[in-house]
Amino acid sequence: MMDFLLLDRLYLCIYNGVQCILWFVIFFLSLSRWSSVDGYAVLRGFVRVAQRLALLEAVHPVVGLSHGSFLPALVQLLGRNLCLFYAIARYTSAQAVALELILVWAAIEIIRFPYYIATVLGVVDAMPFLSWLRYSVFIPLYPIGMILELRCWEAANQMMKSDLLPGEHLIIALFETQFFRVSMDVPRLVSSLKYIYLIVGPMQYVYMLQQRAKKI
């Protein structure tokens, strides 16, 4: 049992350490490339690796590696990764907002991952300021990040519509069988995202405030 606990801690230290390094690199690159036209191009590889690794955060609670909740982790991952790998990756108009958004993400993560490392090592109680930062910086940054994600989607949607000919529609099949097909107009689907954000965003924010109340 002890060997498994040591392996769990070793894995979590390595995982959180790698993510911590990645997000620090992303944070400082974001600042250094703030006024550069190729800012997102420089960051793209680092952010994609970090967000692919972040998928493991939805697995950790399921397999007992962390005490977090599966659903909030999944919601955040879906929101970020859909924005990053679809809106920002496919539409250059969204990339104009991407640098600001990624800087906000990085500002959150360069606090979150050191906090997780301190927790795994059992020294977090000796670092009250780190705990305060972990459960306080999201208060202004989470709403800012949500607004910037919506701006990315809106910029992508405008470009999507401009690429269509008059009367043309961009349709994707959501579900298809031999007998019937469920499809949706992509620009309309993207336009509806703001309503999803208005519902899910506050719910996620309240959950985080509840977590803050337990920790501080």
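This is a predicted model: local features need pLDDT of at least 70, side-chain atom pairs count only at pLDDT 80 or more; totals for chains, interfaces and linings use all residues.
I started with the contact list for α5 and α7: Thr92, Ser93, Ala94, Val97, Ala98, Glu100, Leu101, Val104, Trp105, Ala107 and Ile108 in α5 meet Leu141, Ile144, Gly145, Leu148, Glu149, Arg151, Cys152, Ala155, Ala156 and Met159 in α7. Contact here is heavy atoms within 4.5 Å. By class, that contact has 15 nonpolar, three polar and three charged residues. I took Ala, Val, Leu, Ile, Met, Phe, Trp, Tyr, Cys and Pro as nonpolar, Asp, Glu, Lys and Arg as charged, and the others, Gly among them, as polar.

Numbering runs from 1 along each chain as its sequence is written, and side-chain values use heavy atoms, with hydrogens and water left out.

Next, geometry. Helices are DSSP runs (H or I, at least four residues), numbered from the N terminus. The axes of α5 (residues 92-121) and α7 come within 8 Å and cross at roughly 165°. Axes are lines fitted to C-alpha atoms over the stretch in contact, with angles from 0 to 180 degrees between N-to-C directions. α5 and α7 are therefore roughly antiparallel (angles over 145 degrees). Their crossing is left-handed, meaning the near helix is turned anticlockwise from the far one by less than a right angle, with clockwise being right-handed.

Then I looked at the other neighbour of α5. Helix α4 (residues 70-90) packs on α5 at about 150°, axes 8 Å apart. That makes α4 roughly antiparallel to α5. This crossing is left-handed too. On the α4 side I found Arg80, Cys83, Leu84, Ala87, Ile88, Ala89 and Arg90, meeting Thr92, Ala94, Gln95, Ala98, Leu101, Trp105 and Glu109 in α5.

Last pair: α7 (residues 138-162) and α9 (residues 193-215). Their axes come within 11 Å and cross at roughly 165°. α7 and α9 are therefore roughly antiparallel to each other, and α7 passes α9 in a right-handed crossing. Among the α7 residues involved are Phe138, Tyr142, Met146 and Trp153, while the α9 set includes Leu193, Tyr197, Tyr205 and Arg212.

Which residues of α9 are buried? I get Leu193, Tyr197, Gly201, Gln204, Tyr205 and Met208, with buried meaning under 20% relative accessible area (1.4 Å probe, protein chains only).

Technical notes: Helices (H or I, at least four residues) and strands (E, at least two) are DSSP runs, numbered from the N terminus. Angles under 35 degrees count as roughly parallel, over 145 as roughly antiparallel, 65 to 115 as roughly perpendicular and the rest as oblique. Buried means under 20% relative accessible area, exposed over 50%, partly exposed in between (1.4 Å probe, protein chains only).
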